[in-house]
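Colleague: Could you take me through this structure, a few residues and elements at a time?

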Amino acid sequence: MSATAAGAAMVLALTGCSSSTGAASQSKDSLVWSMWISGTADKAAWQKVADEAGGNGGAKVTVQGSPFNDYWTKLRTQLGTGGAPCIVTVQSLRAANYTDVLRPIDTYTKSSGTDLTAFDATALNGMKVDGKLYALPYDTGPLMMFYNKDLFRQVGAQPPKPGWTVAQFEAAAAKFKAAGKTMFASTVEDLNLESMILGYNGGRVITSDGQLDPENPKFAQGLDWLSSLVKKGGATQASADGSADDNAFVDQKAGLYVDGPWSLLQQKSKVSFPLGVTTIPSGTSGPSSFSAGSGFGISKQCKYPEQAYRAIETMTSEKILTSLAQQGRAFPARTAAQKTWYANAGIDGAESVFTVAQKAATPLPGNKQSDQLNQLFVQYAIQAVNGQATGAETMKSIAGQLAQ
């Protein structure tokens, strides 16, 4: 998720993950669920969620998948064959990419009497495209910053408070530089990169109505600002490796980085220092970050949509989402389960930070070219952040590729 939910770094070969064999053998009593999976332990954890659907009197559900960075390419291939999985995990910012292969689920929510008011409104709206609901959300949240409390104290920088500004962010970076350390771990991952620039000057490459605006001058200026941080020694160089910023933070090579709440408890378990959270620095009076989430939908090729929807209802129930919150796997999309996440986090001020961040965030709308845009960020935006091209030059190149 970072994906995301969080992006998964480990390469895992899962039997049938790119094959249609398992999906083709589905029946009303046995369904396949496609999910991003980072390893054997991850697969086992998600299979427990799947087992709850079968244990609730519904169809048996088997999870299959691939690492996050490979998931979307394989998913598109699967959904274009006769062996598509019935249940599909999709991100809010990519939902628009898959409306041609996913079923709107509004009729199923009505016929089942699903109480949609129990879900966080931002999470639910993120799963809508053109007013139609394509998935029930399981997690949500605004993009924020995770920081190393020890490093901030060592370099004499003020701990970043919720609502801090770009000026305060740059002042802290100067303190790190003076102490011979790097504050910010750079990234070119779409959601994270776009959130940083939105906070900086309101620049956005996808408009509020989901249209692409790749040559937006403010967005190009935001890339130049990120490049200036690298040039001044306040940030690491960007990498094509989507986990490079996470690793730099865990290894204490950077004092903070951008991530979502879905990763917080996992990161807390990895680090050997006290972890803090704060909002993305703001240089404007507008939203400080984007928010996003993920959910479960139904493929158009699924011959058993009613059974699939019943499974999805169970998989997004308060019981399941509370369990995921306890495991640190998701900041739950159901508001009733969110208190459990805060209690389990055990991070001072986490709830107040989340409240400020969520209030100041806006959902990142999807676009049918979002996947391509993300790939182009890795190919071109990395050059801008690392000072090999200007922001305007970079976005002109990206615009040209998107137009082809």
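Colleague: What should I keep in mind about numbering and about which atoms and confidence levels are used?
Modeller: Residues are numbered from 1 along each chain as its sequence is written, and side-chain values use heavy atoms, with hydrogens and water left out. This is a predicted model, in which local features need pLDDT of at least 70 and side-chain atom pairs count only at pLDDT 80 or more, while totals for chains, interfaces and linings use all residues.

Colleague: How many disulfides does the structure hold, and which cysteine is joined to Cys86?
Modeller: Taking a disulfide as a pair of cysteine sulfur atoms within 2.5 Å, the structure holds one. Its S to S distance is 2.0 Å, and the partner of Cys86 is Cys302.

Colleague: Where do Cys86 and Cys302 lie, and how many residues apart in sequence are the parts they tie together?
Modeller: Helices (H or I, at least four residues) and strands (E, at least two) are DSSP runs, numbered from the N terminus. Cys86 is in the loop between helix H3 (68-79) and strand E3 (87-91), whereas Cys302 is in the loop between strand E12 (294-299) and H12. The pair therefore ties together parts whose separation in sequence is 216 residues.

Colleague: Is the disulfide of Cys86 and Cys302 right-handed or left-handed?
Modeller: The answer rests on the torsion about the S-S bond of Cys86 and Cys302, which is about 90°. The disulfide is therefore right-handed.

Colleague: Which residues have the most contacts inside the largest nonpolar core?
Modeller: A nonpolar core is a set of buried Ala, Val, Leu, Ile, Met, Phe, Trp, Tyr and Cys residues joined through side-chain atoms within 4.5 Å, where buried means under 20% relative accessible area, exposed over 50% and partly exposed in between (1.4 Å probe, protein chains only). The largest such core has 53 residues, and a second, separate core of 51 residues includes Phe169, Val188, Ala220 and Leu256. In the largest core, the residues with the most contacts are Trp33, Met35, Ile87 and Tyr138.

Colleague: Which elements are among those covering the buried residues of H13?
Modeller: Helix H13 (residues 318-327) has as its buried residues Ile320, Leu321, Thr322, Leu324 and Ala325. Their cover, counted by contact (heavy atoms within 4.5 Å), includes helix H2 (40-55), strand E7 (136-139), helix H11 (264-270), helix H12 (305-315) and helix H14 (338-345).

Colleague: Is Ser289 buried or exposed, and which backbone oxygen lies 3.1 Å from a polar atom of its side chain?
Modeller: Ser289 belongs to strand E11 (residues 289-291) and counts as buried because its relative accessibility is 1%. Leaving aside neighbours within four places in sequence, its contacts include Pro142, Ser195 and Thr362.

Colleague: Is Asp130 buried or exposed, and what is its phi?
Modeller: Asp130 is found in the loop between strand E5 (128-129) and strand E6 (132-133), and with a relative accessible area of 78% it is exposed. Most residues other than glycine have a negative phi. Phi of Asp130, however, is positive, near 55°.

Colleague: Where does Gln252 lie, and what is its phi?
Modeller: Gln252 lies in the loop between helix H10 (244-250) and strand E9 (256-259), and it counts as partly exposed because its relative accessibility is 35%. Its phi is also a positive value, near 60°.
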